[in-house]
Amino acid sequence: MSALGTPQAGKVTISDLAFRLGISKASVSYALNGQPGVSESTRARVLALASELGWYPSSSARALSHSRTDSVGIVLFRDPEQIGAEPFYMSILAGIEGILGTHEMNLLLRMVDPRTVPDERTRDLPVYERWAGEGRVDGVILFDHVHDDPRPPLLDRFKMPYVRLGAGLDALPSAGNSNVTVSQAADAATVVEALHRHGHRRIAFVSGPLDLLHEERKSEQITAHARRLGMSVVLCPADYSADDGGTATIAVMAGLVPGSPEFPTAVVYGNDLMAVGGLQALKRLNLCVPAQVSVISWDDSILCRLSSPSLSALSRSVSDLGRSSAQLLVELIGGHEPRNIQACPGVFQLRESLGRNLF
């Protein structure tokens, strides 16, 4: 305190507030934390002065008082450069932050490049182990689920709440675990039926890595729904990048003659980056979109709208996925019962890249 009793800038404390108001530090603490023990008029005076002086509670002290960190964690097991280029992640993280911000909670984000992991079976487990051991986060949101996923058993052992984002409809909530579920069957039906209506009977699907459950299910559901409609499907996995989307396109299309029985008249891509890469590859192959080949992106984004031609896409509310996952995690951390939220099905956006099959 200065000689005049004015706190120095940036160093306002509970003691300063108590001195200015002529009350005890305990009364100030009760007022600031919404606890009983002070009158409403005193509480109002404390809050008004705190606001005037720019006082905010110490996050570490608040966390200790609640035995919480007020932080949640996300580990993305992907190439960091790829994540930075993919609009999907920007939208989903914006949705997560929107919910966490209203609860005064923080997001701790780590990226683990698979190329730096000697044994891919361990994935990102050391990060979760360290977070649990150090008490860094109150819970986590899990992406990219795989068969025999080692993360849920580890988190269960540490009693750390978690939400699986993008789980299948068969995922059940359990103690400490909620799920945002997605119907790959419904979305596959939307895409395949749009192609069928435009006369396409032989299509290709350039998926993401098939070790990811959602990509495996996409491929299964696209194939199953196409067969029900008398269509055939060529499958080609890629790695979500634009370059690999182009490479996969060349692998599928090179050497095939438009109009021949083997020629796919439409290619569906597992994300927008691969669709853009595929579009460029088709141009290099001198194939006209959509006159000879139609192109569909499973994800919609600004990339799809600005491409030439603009890309037809399955539009999903990706930010809503983020909001739902964050809301479920906040509930779990607060002691609420686990539950599932089912994501709304995607809506097909018809743009220039989808044409009628003229062969």
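How many bridges join strand β10 to β12, and in which sense do the two strands run? In this predicted model, three bridges connect β10, which spans residues 312–315, with β12, and the two strands run antiparallel. Within β12, F348 is the residue that stands opposite L314. Both strands belong to an open sheet of six strands, arranged in the order β7-β6-β8-β9-β10-β12, with mixed pairing. The edges of this sheet are formed by β7 (232–237) and β12 (347–349), each of which pairs on one side only. From one strand to the next, the twist averages 20 degrees.

When residues up to four places away in sequence are not counted, the contacts of T265 comprise H200, R201 and R202, together with Q292, V293 and S294, and finally N357 and F359.

A second open sheet, also of six strands, has the order β2-β1-β3-β4-β5-β11, and its pairing is parallel.

Strand β1 (residues 71–76) illustrates the pairing within the parallel sheet in detail. On one side, β1 pairs with β2 (residues 106–111) in the parallel sense over six bridges, and I74 has L109 of β2 as its bridge partner. Strand β1 is also joined to β3 (residues 139–142) by three bridges, again with the strands running parallel. Here G73 is partnered with V140 of β3, while the bridge partner of V72 in β3 is G139. Helix α7 (residues 125–134) packs on the sheet and touches β1, β2 and β3, its direction making about 165 degrees with that of β1.

Among the helices, α9 (residues 184–197) and α10 (residues 213–228) have axes that come within 8 Å and cross at roughly 50 degrees. The two helices are therefore oblique to each other, and their crossing is right-handed. On α9, the contact is made by Q184, A185, A188, A189, V192 and E193, and on α10 by H214, R217, K218, Q221, I222, H225 and A226. By residue class, this contact divides into six nonpolar, four polar and three charged residues.

A further position, G54, is located in the loop between α3 (40–53) and α4 (59–66). G54 has a relative accessibility of 41% and therefore counts as partly exposed. The C-alpha atom of G54 is separated by 7.8 Å from that of V12, although the two residues are 42 residues apart along the chain.

Key: Residues are numbered from 1 along each chain as its sequence is written. This is a predicted model: local features need pLDDT of at least 70, side-chain atom pairs count only at pLDDT 80 or more; totals for chains, interfaces and linings use all residues. Side-chain values use heavy atoms; hydrogens and water are left out. Axes are lines fitted to C-alpha atoms, for helices over the stretch in contact, and angles run from 0 to 180 degrees between N-to-C directions. Helices (H or I, at least four residues) and strands (E, at least two) are DSSP runs, numbered from the N terminus. Angles under 35 degrees count as roughly parallel, over 145 as roughly antiparallel, 65 to 115 as roughly perpendicular and the rest as oblique. A crossing is left-handed if the near helix is turned anticlockwise from the far one by less than a right angle, and right-handed if clockwise. Contact means heavy atoms within 4.5 Å. Ala, Val, Leu, Ile, Met, Phe, Trp, Tyr, Cys and Pro count as nonpolar, Asp, Glu, Lys and Arg as charged, and the others, Gly among them, as polar. Two strands pair if DSSP finds at least two bridges between them. Buried means under 20% relative accessible area, exposed over 50%, partly exposed in between (1.4 Å probe, protein chains only).
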